[in-house]
Amino acid sequence: MNIENKTILITGGGTGIGFAIAKVLSLKGNNLILVGRREDKLKEAVARLPKASYIVADVTNSTDVENLVQQVNATFGGLDILVNNAGVVTAYPLESTEGVYEKAKFEMDLNYLSVVRLTERLLPLLKASKEAAIVNIESIVSYLPNTVIATYSATKAALHSYSQSLRLVLQRTHPHIQLFEVFPPFVDTDMTKGFSADKLSPDVVAEDIYNALQKNEYAIRPGLTKDVYHSFLQSPEITLKRFNGIEV
Ligand SMILES: NC(=O)c1ccc[n+]([C@@H]2O[C@H](COP(=O)([O-])OP(=O)(O)OC[C@H]3O[C@@H](n4cnc5c(N)ncnc54)[C@H](OP(=O)(O)O)[C@@H]3O)[C@@H](O)[C@H]2O)c1
């Protein structure tokens, strides 16, 4: 697709992968709308971009989402690209007997259900655009769950399943709206501060997204995700065990 003079909304655009995407997409006359809960982070981010503004909103809150949709309509009069990036992870032993349901629900609300709602509410604007896209930030764990972040993995698997269906439906009903999925490995952001592992730069992820959008490549697998995915296709059970540090 052509990424020029587009109006682009990025949830969680004030930090991490979202901000890296914003930097890459802020060239060529694109108009960016960054969304998040912390106004200070959004302000800082917008100040570093040529053509950007922000909307403070909690995407899990229905009132905030209605206000957000109204603001996008009133201020920008349309939308071409929606990047569903806001997300949260909690790491804890799955065998624990306290708080598992609450943590799983918290993750599911943001990582999956909020995406379904925001997409539903912004779809009319994307339908009205000449050339549109939805970019869902998923994870390597969308197809290879990790036991340390088991319920997070489940949210990203749900998002992957939903995205595949939505792509098929849009290809039939609104082919001008493309759906891209991004499957990053560990990336060096606030989210992974407590994890010790090799981490990819968010700028590399953003660059891969930019290139894939231009080439209409809808499955984006930055860094080691590409190799892990090939190994998963060849031997799913062995790859799952190795991915979880189990000797085979
Ligand atoms: N880092 C990784 O290793 C990695 C790997 C694979 C996939 N991902 C995915 O990449 C996406 C971005 O994560 P990141 O690594 O860049 O982490 P991050 O820097 O912590 O970014 C998360 C962003 O989401 C926003 N956010 C959180 N809750 C929100 C809410 N309820 N409403 C609106 N915005 C909210 C945060 O801003 P506020 O707190 O100000 O709201 C923040 O800007 C997530 O979906 C994550 O699951 C990350």
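**Figure 1. Strand β1 and its two faces in a predicted model.** Thr-7, Leu-9 and Thr-11 point one way from β1, while Ile-8 and Ile-10 point the other way, and all are buried. A residue is called buried if 20 or more other C-beta atoms lie within 10 Å of its own, exposed if 12 or fewer, and partly exposed in between, with C-beta atoms placed from the backbone. In a regular strand the side chains alternate between the two faces of the sheet. β1 is mostly covered, with five of its five residues buried. Strands (E, at least two residues) and helices (H or I, at least four) are DSSP runs, numbered from the N terminus. This is a predicted model, in which local features need pLDDT of at least 70 and side-chain atom pairs count only at pLDDT 80 or more, while totals for chains, interfaces and linings use all residues. Residues are numbered from 1 along each chain as its sequence is written.

**Figure 2. The neighbours of β1 in the sheet.** Here we look at β1 with its partners. β1 and β2 run parallel and are joined by five bridges, with Leu-9 opposite Ile-33 of β2. Two strands pair if DSSP finds at least two bridges between them. With β4, β1 pairs in the parallel sense over three bridges, and the bridge partner of Ile-10 in β4 is Val-83.

**Figure 3. Strand β4, covered on both faces.** Ile-81 and Val-83 lie on one side of β4 and Leu-82 and Asn-84 on the other, and all of these are buried. Four bridges join β4 to strand β5 (residues 132–137), and the two run parallel. Val-83 has Val-135 as its bridge partner in β5, and Leu-82 stands opposite Ile-134 of β5.

Figure 4. Seven strands form an open sheet with parallel pairing, in the order β3-β2-β1-β4-β5-β6-β7. β3 (52–56) and β7 (219–220) stand at the edges with a single partner strand each, so one side of each is left without a neighbour in the sheet. Helix α4 lies across β1 (7–11), β4, β5 and β6 (177–182), and runs at about 170° to β4. For such angles, axes are lines fitted to C-alpha atoms, for helices over the stretch in contact, and the values run from 0 to 180 degrees between N-to-C directions. Contact means that the C-beta atoms of two residues, placed from the backbone, lie within 7 Å.

Figure 5. Of the 29 residues around the ligand, Gly-12, Gly-16, Arg-37, Arg-38 and Gly-87 come nearest. A residue counts as near a molecule or strand if its C-beta atom, placed from the backbone, lies within 6 Å of it. α1 and β2 (31–36) each supply at least two residues of the shell, and the largest share, three residues, comes from α1. By class, the shell has eleven nonpolar, 13 polar and five charged residues. In this scheme Ala, Val, Leu, Ile, Met, Phe, Trp, Tyr, Cys and Pro are nonpolar, Asp, Glu, Lys and Arg are charged, and the others, Gly among them, are polar.

Figure 6. Ser-96 sits in the loop between β4 (81–84) and α4 (100–128). Ser-96 is exposed, with 9 other C-beta atoms within 10 Å. From Ser-96 to Val-56 the separation is 40 residues in sequence and 35 Å in space, C-alpha to C-alpha. Tyr-101 is found in helix α4 and counts as exposed, with 9 C-beta neighbours inside 10 Å. Tyr-101 and Val-187 are 86 residues apart in sequence and 26 Å apart in space, C-alpha to C-alpha.

**Figure 7. Two asparagines with positive phi.** Most residues other than glycine have a negative phi. Asn-5, in the segment before β1, has a positive phi of about 50° although it is not a glycine. Asn-5 is exposed, with 11 other C-beta atoms within 10 Å. Asn-216 lies in the loop between α6 (202–215) and β7, and its phi is near 55°, also a positive value. With 10 C-beta neighbours inside 10 Å, Asn-216 counts as exposed.
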